[in-house]
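Welcome! Please take a moment with the sequence and the 3D view before reading on.

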Amino acid sequence: MTLLEMTVVILVLLTLIGVLFIGARAWKKGSDRAACILNLRNFQQAVRSYANINALNPNSPAPGLRSQIVGFGKFMENEPVCPSGAGLYTAPDPDTIPDIGVVYLSCPNIAKAGSTDHFPVQHNDW
């Protein structure tokens, strides 16, 4: 094998490895987005369940709502965290049951990067 052939083989291998890293990064970004939206959906369902059990209507005040939902033996065991490492989710009005179709939490990734990647496209029936 000549030096030229070996150089071509090395270049082809490096190109394949580069494509593999680009694909892995895109896969990670997509899986973080999907996990984030699932976290938002699960918390939204927990809020709706709490409201139904306690006969609360949308826009009803619910003092300490987050502490009533999150904890051992409650609707959610742990506080949801954005899988991309952006941190804890925030609620614009944490002590009020949201309207149908209004997402209760927002991802800190939206506030930091200004991107709406971590926001569900269809949430009309939430």
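What follows is a short tour from overall shape to single residues.

This is a predicted model, in which local features need pLDDT of at least 70, side-chain atom pairs count only at pLDDT 80 or more, and totals for chains, interfaces and linings use all residues. Residues are numbered from 1 along each chain as its sequence is written, and side-chain values use heavy atoms, with hydrogens and water left out.

**Overall shape**

You will find 3 helices and 2 strands in the chain, and along the sequence they come in the pattern α-α-β-β-α. Here helices (H or I, at least four residues) and strands (E, at least two) are DSSP runs, numbered from the N terminus. The radius of gyration of the chain is 22 Å, whereas a compact globule of 126 residues would have one near 14 Å. That radius is taken over C-alpha atoms, and the globule rule is 2.2 Å times the number of residues to the power 0.38. Along the principal axes, the C-alpha atoms fill a box of roughly 80 × 30 × 25 Å.

**Surface and contacts**

Of the 126 residues, 31% count as buried; buried means under 20% relative accessible area, exposed over 50%, and partly exposed in between (1.4 Å probe, protein chains only). The accessible surface comes to about 8200 Å², with 64% of it belonging to carbon and sulfur atoms. Among contacts (heavy atoms within 4.5 Å) with a separation of 6 or more, 60% join residues 24 or more positions apart.

**The nonpolar core**

A nonpolar core is a set of buried Ala, Val, Leu, Ile, Met, Phe, Trp, Tyr and Cys residues joined through side-chain atoms within 4.5 Å. The largest one has 23 residues, and those touching the most other members are Phe-43, Val-47, Leu-65, Ile-69, Tyr-89, Tyr-104 and Leu-105. Helix H1 (3–53) and helix H2 (65–69) each supply at least two residues of this core, and H1 gives the most, with 8 residues. Leaving aside residues up to four places away in sequence, Val-47 touches Leu-65, Ile-69, Ile-97, Pro-98 and Tyr-104.

Ala-55 counts as exposed because its relative accessibility is 65%.

Technical notes. Areas by Shrake-Rupley, 256 points an atom, 1.4 Å probe, with all protein chains shown as cover.
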